[in-house]
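Q: I'd like to learn how to read a structure like this one, feature by feature. Could you walk me through it?

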Amino acid sequence: TTGIVDGKIAEVSTEHNETDGIGGDAVPILEQQAVENNCAIVDAISGATETTNAFKEALQMALDKAAQ
């Protein structure tokens with residue numbers, strides 16, 4: 001879920017099936033970066049490249065949909 005307030009990302013909440021550890025630990029960090037950066041450009045997390053790429057793609061799709 002992506003919450004937009006006054007044209008800025010206010011909240012990102014991701015439903016995921018990542019296992020505990022690197023992938024699962026990466027998701028909250030990515031969510032926080034997205035809110036702080038106000039975009040889908042986030043830093044890749046070492047060991048969680050696939051998770052990072054999937055997160056960025058899903059977030060960009062949500063932002064595009066919200067902009068319509």
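A: Gladly! Keep in mind that this is a predicted model. Let's begin with the pocket.

Q: How much space lies in the largest pocket, and how many residues line it?

A: The largest pocket holds about 250 Å³ of space, and its lining consists of 15 residues. Nearest its centre are Thr14, Glu15, Ala54, Phe55 and Ala58.

Q: Which element gives the most to the lining of the largest pocket?

A: That is helix 2, residues 49–67, which contributes 6 residues. Sorted by class, the lining comprises 7 nonpolar, 6 polar and 2 charged residues.

Q: What does Thr14 touch, beyond residues up to four places away in sequence?

A: Thr14 touches Val27, Glu31 and Phe55. Take the pair Thr14 and Phe55: 41 residues separate them in sequence, while their C-alpha atoms are 8.3 Å apart in space.

Q: And which residues is Phe55 in contact with, leaving aside neighbours within four places in sequence?

A: Phe55 meets Val12, Thr14, Leu30, Glu31, Ala34 and Val42.

Q: How should I read a nonpolar core?

A: As a general idea, nonpolar side chains in soluble globular proteins tend to be buried together. Here the largest nonpolar core has 12 residues: Ile9, Val12, Ala26, Leu30, Ala34, Ala40, Val42, Ile45, Ala48, Phe55, Leu59 and Leu63. At least two residues of this core come from each of strand 2, helix 1 (22–37) and helix 2.

Q: Could we look at one core member in detail? Is Leu59 buried or exposed?

A: Leu59 belongs to helix 2. With a relative accessible area of 3%, Leu59 is buried, because buried means under 20%. Leaving aside neighbours within four places in sequence, Leu59 contacts Thr2, Val12, Ala34, Cys39 and Ala40. Leu59 and Cys39 are 20 residues apart along the chain, with 8.3 Å between their C-alpha atoms.

Q: What about Thr51: where is Thr51, and is Thr51 buried or exposed?

A: Thr51 is also placed in helix 2. Thr51 is buried, since its relative accessible area is 10%.

Q: Let's finish with the strands. In which sense do strand 1 and strand 2 pair, parallel or antiparallel?

A: To read strand pairing, look for the bridges and their partners. Strand 1 (residues 2–5) and strand 2 (residues 8–12) pair in the antiparallel sense, with 4 bridges. Thr2 stands opposite Val12 of strand 2, and Ile4 has Ile9 of strand 2 as its bridge partner.

Q: How many residues lie between strand 1 and strand 2?

A: There are 2 residues between these strands, which together form a hairpin. In the turn, Asp6 has a positive phi of about 50 degrees.

Terms used: Residues are numbered from 1 along each chain as its sequence is written. This is a predicted model: local features need pLDDT of at least 70, side-chain atom pairs count only at pLDDT 80 or more; totals for chains, interfaces and linings use all residues. Side-chain values use heavy atoms; hydrogens and water are left out. On a 1 Å grid over the protein atoms alone, a cavity is a set of points where a 1.4 Å probe fits but cannot get out, and a pocket is an open set with protein on both sides within 12 Å along at least five of seven lines; lining residues have an atom within 4 Å of a point. Grid points are joined across faces, edges and corners, and a volume is the space filled by probe spheres set on the points. Ala, Val, Leu, Ile, Met, Phe, Trp, Tyr, Cys and Pro count as nonpolar, Asp, Glu, Lys and Arg as charged, and the others, Gly among them, as polar. Two strands pair if DSSP finds at least two bridges between them. A nonpolar core is a set of buried Ala, Val, Leu, Ile, Met, Phe, Trp, Tyr and Cys residues joined through side-chain atoms within 4.5 Å. Buried means under 20% relative accessible area, exposed over 50%, partly exposed in between (1.4 Å probe, protein chains only). Contact means heavy atoms within 4.5 Å.
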